[in-house]
Amino acid sequence: MNWQIQQILRRRRAAETGAIPAGRGGALSVCLVYPNHYSVAMSSLGFQAVYKLFNDQPDLVCERAFLPDRDELALYEKSGDTLVSFENERPLSDFDLIAFSVSFEPDFINIPRILRLARISELSAERGAAEPLVLAGGAAFFINPEPVADCIDLIAVGEGETLIPILADFLVQYQQTERRELLREAADLPGIYVPSLPSSSPIARLCAPKESPPSCSVVLTDETEFGNMYLVEVSRGCPRGCRFCAAGFVYQPFRQQPLELLKAAVCEGLQHRKTIGLVGAAVSDHRDIEALCEFVVQQGGSPSLSSLRVDRLTPSMLELLAKSGHRTISLAPEGGSQRMRDMIRKNLTDEQILDAAEAVARAGILNLRLYFIIGLPGETDEDLEAMVRLTAAIKDRVLEQARAHKRLGEITLSVNPFIPKPFTPLQWAGMCPLDELKHKVAWLEKQIRPLANVRLKVEELQGCVLQALLSRGGRELTDLVLKMSEGLNLKKAAKVCAINTEHSVTTTLPVDAVLPWDVVHSAERTRLEAEYRAAMQVIGVSV
């Protein structure tokens with residue numbers, strides 16, 4: 001194996017604390033793969049939780065692997081080496097099971113790329129008896145697995161706390177069984193989808209039991225986005241039901257960890273890091289979030305929250321955050337106008353947003369990050385103008401408080417295009433065409449530029465189109481995924497595969513349409529339809 005690759009792996013291993021020793025004594029060897037670079041993977045609490053769950057199974061030994069970064073990839077290509085595991089530098093093709101953990105749809109592209117590097121057949125139908133079984137799970141797969149389903153032998157539809165013990169017992173029991181027979185038997189397991197077999201009914205998504213302990217950082221390393229933090233999951237799901245967001249509909253019901261368990265996790269985390277990252281789709285909706293933050297501060301730590309709900313801010317909470325060293329607070333109005341916020345069911349008024357921004361600044365936290373969505377169904381120029389007016393009003397409120405603190409802060413507008421997601425009320429709505437999005441962004445840039453201390457940050461639009469395509473696509477995208485995994489960009493791959501990406505992502509679907517993700521059962525279908533109709537009624541569209 002190339003010595004430079006070995007040096008990279010050994011340096012990263014030496015920088016880690018908390019890694020689980022990987023021996024070779026288990027009945028079943030598993031390589032857990034995150035289809036992105038090491039720094040991205042080790043920032044994912046979900047990936048770390050699955051790593052621990054696999055290693056907690058008595059008959060399994062689990063190692064990790066990642067997509068090599070650009071420099072590593074060049075070394076692999078130059079040497080002709082096969083992709084190896086992180087812990088023991090073992091070829092992936094030597095493992096019994098390759099398990100992909102995938103949170104985001106664009107990482108689908110990296111799955112065949114990794115299989116190719118590992119000398120494992122990219123398509124399930126071409127995989128021989130001597131090759132590992134390929135499993136996939138994670139949020140992206142239990143929302144819509146179809147665009148890359150032909151690359152996967154088994155798909156876990158649901159949360160790992162419930163699925164991994166079931167799957168581990170099965171695989172150990174059937175380890176010596178011929179592959180086709182094993183897949184036929186696996187199709188009868190709850191929450192397991194076998195893409196190569198016809199499915200008589202949609203697969204029910206399995207949720208973790210309410211009493212599952214909080215997921216926490218397992219491996220700590222500075223080579224991640226959150227290298228200075230110990231992460232603790234305070235809740236799962238969201239009680240709000242915003243019509244564009246999958247978290248409130250997929251992770252059911254909303255689950256909040258008991259305060260005492262969270263305090264114990266915090267005490268453990270403070271032995272390793274001063275900053276405790278509190279994780280969840282609705283962190284500020286946790287019933288004891290203020291008490292938890294106060295406990296972190298009392299213990300000499302600093303709580304970090306990914307974002308705060310505008311209508312859940314209190315002066316005491318903001319004082320705590322300021323005292324613990326917070327310099328930036330993220331708020332998510334999402335819709336720039338009242339009309340757009342009503343359409344997505346955000347349930348926030350301009351005055352609530354302005355009061356929240358002023359309260360944050362009054363507490364001495366003068367940097368604000370504001371999340372907005374553009375290109376929502378029915379959005380007009382007036383809605384964008386309302387976003388600019390709201391931003392200017394926020395700036396004025398913050399500036400007034402900044403004078404009292406005798407220092408200035410910065411407001412960052414983080415603007416992302418609307419992307420229709422499966423299992424949300426807006427799954428049937430089309431995405432705004434790319435040219436229109438570009439026009440909206442150019443207009444916003446022109447309007448925001450004169451506002452001092454306000455910065456506009458926009459997600460890369462072509463990447464958003466890819467995400468929308470993979471979010472709502474089916475197996476007709478398999479060839480496109482394969483071509484992109486070989487290095488073609490979306491435009492070239494779509495041309496080769498004769499796929500009209502613009503039509504695919506912008507088309508509004510009939511509510512009675514058969515959807516690719518119907519392979520996953522949804523008990524919420526009636527509610528989703530009702531919410532979609534209510535959303536369209538706000539913008540004057542009849543469904």
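Me: What makes Lys274, Thr275, Ile276, Val296 and Ser324 contacts of Ser302 in this predicted model?

Reply: Contact means heavy atoms within 4.5 Å. Leaving aside neighbours within four places in sequence, Ser302 is in contact with Lys274, Thr275, Ile276, Val296 and Ser324. Ser302 itself is found in strand S11, residues 302-305.

Me: Why is Ser302 called buried?

Reply: The relative accessibility of Ser302 is 10%. Buried means under 20%, so Ser302 counts as buried.

Me: How do you know that the side chain of Ser302 makes a polar contact with the backbone oxygen of Ser324?

Reply: The side chain of Ser302 reaches the backbone oxygen of Ser324 at 2.9 Å. The cut-off for a polar contact is a pair of N or O atoms within 3.5 Å, and therefore this pair qualifies.

Me: Why is Arg243 called buried, and where does Arg243 lie?

Reply: Arg243 has a relative accessible area of 7%; the limit for buried is under 20%, so Arg243 is buried. Arg243 lies in the loop between strand S8 (235-236) and helix H9 (247-250).

Me: What separates the C-alpha atoms of Arg243 and Leu426?

Reply: The two residues are 183 residues apart along the chain, yet their C-alpha atoms are separated by 6.0 Å. Arg243 is among the contacts of Leu426, together with others including Phe244, Met343 and Tyr532. Leu426 is also one of the residues with the most contacts inside the largest nonpolar core, which has 179 residues.

Me: What makes the span of helix H14 close to the expected one?

Reply: Helix H14 (residues 350-362) has 13 residues and reaches 18 Å from its first C-alpha to its last, close to the 18 Å expected at 1.5 Å a residue. The buried residues of H14 include Ile353, Leu354 and Val360. The buried residues of H14 pack against elements including helix H12 (315-323) and strand S13 (367-374). Gly364, whose phi is positive, near 95°, follows H14.

Me: Why do strands S2 and S6 stand at the edges of the open sheet?

Reply: The 6 strands of this sheet run in the order S2-S1-S3-S4-S5-S6, with mixed pairing. Strand S2 (60-66) and strand S6 (192-193) each have a single partner strand, so one side of each is left without a neighbour in the sheet.

Me: How do you know that strands S4 and S5 pair?

Reply: At least two bridges are needed for two strands to pair. Strand S4 (residues 133-137) and strand S5 (residues 154-156) have 2 bridges, in the parallel sense, and therefore they pair. The bridge partner of Ala136 in S5 is Ile155.

Terms used
Residues are numbered from 1 along each chain as its sequence is written. This is a predicted model: local features need pLDDT of at least 70, side-chain atom pairs count only at pLDDT 80 or more; totals for chains, interfaces and linings use all residues. Side-chain values use heavy atoms; hydrogens and water are left out. Helices (H or I, at least four residues) and strands (E, at least two) are DSSP runs, numbered from the N terminus. Buried means under 20% relative accessible area, exposed over 50%, partly exposed in between (1.4 Å probe, protein chains only). A polar contact is a pair of N or O atoms within 3.5 Å; within protein, one must be able to donate a hydrogen and the other to accept it, and residues adjacent in sequence count only if both atoms are side-chain atoms. The expected span of a helix is 1.5 Å times one less than its number of residues. A nonpolar core is a set of buried Ala, Val, Leu, Ile, Met, Phe, Trp, Tyr and Cys residues joined through side-chain atoms within 4.5 Å.
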